[in-house]
Amino acid sequence: MAELSLKNQVEKKASAINLRRKPRWGETIIQSLLFFSGFFSIFVTIGIVYELGKEALLFFQMPEVNFLESLTTAKWQPHTGNFGIWPLVNSTLMTTVIAMLIAIPLGMAVAVYLSEYANPRVRNILKPILEVLAGIPTIVYGYFALTFMTPLLREIFGRDVVQIYNTASAGLVMGILILPLITSMTEDALSAVPRSLREAAYGMGATKLEVALQIVVPAALSGIAAAIIIGISRAIGETMIVAVAAGAGPNFTFNPFIGAETITGHIVRISGGDLSYDSIDYNSIFALGLLLFFITLALNIISQAIVRRFREVYE
Amino acid sequence: MKEKAVVQGFANNLDARNRRGVLWHVLFQASTVVGIVALIALMLNIINSAFGYVAYEARVDPDTLAVDGTPIQDQSKDQLVALIHSTLSSGAYNKLDNEKPFADRSLEEVYQLVVERIVRPKVVEVWNLWPSLTQADAIRATVARDHPDAELDFVSWLTTDFVTRPQTSEPLTAGVRTAILGSLWTILFTILLAFPIGVGAAIYLEEYASDNWLNRIIQTNINNLAGVPSIIYGILGLAIFVRALEPLTSGKIFGLVNLTSENGRTVLSAGLTLGLLVLPIIIINAQEAIRAVPRSLRNASFGVGATKWQTVWSHVLPTAMPGILTGTILAISRAIGETAPLVVVGASTAISFDPNSPFSKFTTLPIQIYQWTSRPQDEFRSLAAASILVLLVLLLSLNASAVLLRNRFSRRF
């Protein structure tokens with residue numbers, strides 16, 4: 001009993017000086033505003049999936065469109081009711097492959113050079129140049145493809161072989177566009193490899209090349225793989241170069257010197273005119289957009305997973 | 001004995017290994033050179049198209065406009081105004097007078113107007129800079145043979161007039177003022193949307209968020225959004241801002257129904273679309289800037305009794321601001337160069353009046369470049385090259401200011 005009253009007394013004293021947190025409404029409001037800002041990006045994603053999904057569903061419900069036929073036929077002619085996706089996918093893959101054939105070897109070579117060979121002075125000059133390349137708007141590359149690369153290709157391979165609009169020219173210039181991206185990501189991965197690994201290899205009598213290619217590159221492989229995948233994702237989503245240089249009109253061909261429209265190029269051409277709502281063209285760009293969104297999302301997730309799974313962690 | 005053999009073997013193929021090393025070194029260097037050559041080719045190609053000879057013919061022979069034997073070059077301002085008044089329709093004349101009263105225009109401006117509206121020079125052939133410099137005589141001979149009436153001038157397509165003139169369909173008098181103003185208006189709304197939300201999100205994620213599943217999803221989601229192709233944002237903007245929010249983006253609910261914008265394809269829609277596009281970039285950059293603020297600064301603030309928000313507002317944000325602004329400027333320069341989403345959102349193909357409200361139709365610099373590039377005639381290619389130079393100068397000065405900001409104000413701890 002006495003014990004209890006003592007406890008009461010103590011509690012009474014404590015309540016005289018209130019040590020509990022005062023509710024601060026201002027802080028709470030600000031915090032919820034900040035939370036809303038953070039959550040806003042979720043709305044954007046939901047908006048993309050919902051809007052694209054809704055209109056794409058409408059597209060596949062149209063009487064002219066058959067989901068299975070879209071996936072199995074190779075003719076995309078909205079005006080005759082043909083919606084085979086393959087001509088668009090095929091030319092997207094072709095420009096991407098051509099771009100990566102340029103960007104992967106060149107980008108990695110430049111990255112190895114910058115990280116392993118170049119002295120600091122050269123690196124301080126070269127890295128800003130690469131950043132300039134990365135900052136040039138893609139429409140400028142499109143202009144470059146049409147007014148420089150295409151005439152060059154026509155000069156080399158002959159005017160009868162190379163059409164004015166062709167996937168080769170778009171792909172090559174896209175390679176130049178992606179080069180700085182792959183270089184800077186690869187270079188980051190290479191520089192993260194600790195010095196001690198290199199010193200150990202030198203101590204064993206390895207040459208500079210052997211250190212670079214057999215020690216440093218394998219150690220940074222996860223970062224390099226991520227860079228390549230991000231590059232591919234960027235190439236698939238790249239729009240203005242193909243819209244300007246790759247040609248208008250879907251075309252199922254494996255000839256890189258013939259004009260063929262990619263997914264992104266098609267979206268731009270279709271929406272360039274005044275598009276009326278709920279027309280089949282309007283809905284088709286949402287279906288194509290959804291396809292594009294899922295391809296690039298999958299690639300981005302794979303690249304993040306690779307970095308997380310296979311990263312070698314050094315102290 | 002065995003050791004010696006190993007050393008011997010080492011020495012035996014050392015030459016080959018070193019040779020391979022040199023070979024690859026050259027290869028790596030060559031790749032770097034290829035990259036630089038590509039950049040140089042890009043720049044030279046643009047400069048090559050932006051200057052050169054132009055042959056043009058007058059649609060109306062200036063000699064027929066002479067009054068009492070005085071050619072139009074020597075006429076007084078009043079004579080020229082009278083000429084404009086008598087030649088153009090009264091509607092066109094009044095419109096010009098409304099834009100800027102003739103009384104206020106200088107003789108030079110009026111003369112320019114006569115050339116643009118009455119003489120109307122027409123381009124017959126264009127040469128790039130390189131042939132203009134190396135084969136000037138051949139060009140003169142060609143023009144004299146093929147177009148005896150044409151005049152040949154060496155022009156720079158990029159002039160101060162080019163930057164200040166509105167867009168027209170005539171290559172010789174076209175300018176990019178409309179497009180530059182369109183870009184600026186668009187960027188204004190991009191900043192208004194993306195900067196507060198972006199910085200707010202970064203503060204939330206760095207200062208407030210605990211490590212639970214929801215916040216991890218938010219972070220992953222932001223990283224993924226940064227990798228979504230820009231054209232997807234264009235489609236999203238078309239569905240949400242142009243279509244679903246049409247009453248807002250076309251200005252209808254504000255009672256601002258004017259004839260120029262009866263739909264949602266306005267500056268406001270374009271700016272908000274680009275805002276969504278750069279939002280993840282701004283968040284990621286701002287997060288890095290906030291993360292660089294040392295813990296001790298926050299603890300000192302808490303120690304003297306500041307609340308969380310007081311700490312963030314008075315200590316974390318001011319310290320992180322140079323980094324946040326640098327990241328924002330870089331994001332803005334990305335938005336200024338974007339073309340694809342704006343084509344999808346519905347940039348106008350040919351407008352000659354300047355945007356003057358959030359609900360104006362618009363065109364932007366990259367859109368203008370895209371349209372001129374898509375035209376088959378060489379003179380439009382030259383216009384595109386000149387506008388590319390304008391765009392690159394704009395972006396370069398933005399990036400330079402970002403670098404200056406970083407070097408001038410950033411503090412290291």
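I take the bend at a residue as the angle between axes fitted to the seven residues ending there and the seven starting there, and helices (H or I, at least four residues) and strands (E, at least two) as DSSP runs numbered from the N terminus. The model is predicted, so I note that local features need pLDDT of at least 70 and side-chain atom pairs count only at pLDDT 80 or more, while totals for chains, interfaces and linings use all residues. Residues are numbered from 1 along each chain as its sequence is written, and chains are lettered from A and ligands numbered from 1 in the order in which they are written.

**Helix H6 of chain A.** I then checked burial (buried means 20 or more other C-beta atoms within 10 Å of the residue's own, exposed 12 or fewer, partly exposed in between, with C-beta atoms placed from the backbone), and 14 of the 20 residues of H6(A) are buried. Gly158(A) follows the helix with a positive phi, near 100°.

**Contacts of Ala145(A).** I count two residues as in contact if their C-beta atoms, placed from the backbone, lie within 7 Å. Beyond its neighbours within four places in sequence, Ala145(A) is in contact with Thr150(A), Ser169(A), Ala170(A), Val173(A), Ile241(A), Val244(A) and Ala245(A).

**Nonpolar cores.** I define a core as a set of buried Ala, Val, Leu, Ile, Met, Phe, Trp, Tyr and Cys residues joined through C-beta atoms within 7 Å. The largest has 178 residues, of which Ala145(A), Val173(A), Ile241(A), Ala245(A) and Ile235(B) touch the most other members. Domain 1 (45–60 + 124–156) and domain 3 (177–409) of chain B, with bounds from an automatic or database domain assignment, both contribute residues, so this core lies between them. I also noted a second, separate core of seven residues, among them Tyr53(B), Val54(B), Tyr56(B) and Val126(B).

**The two chains together.** I found 68 residues of chain B in contact with 67 residues of chain A. On the chain B side, helix H2 (residues 14–50) gives the largest share, 20 residues.

**Extent of chain A.** I recorded 13 helices and two strands in chain A. Its radius of gyration, taken over C-alpha atoms, is 28 Å, well over the 20 Å that the globule rule gives for 315 residues, so chain A is more spread out than a compact globule; the rule is 2.2 Å times the number of residues to the power 0.38. Along its principal axes the C-alpha trace of chain A spans about 105 × 70 × 35 Å.
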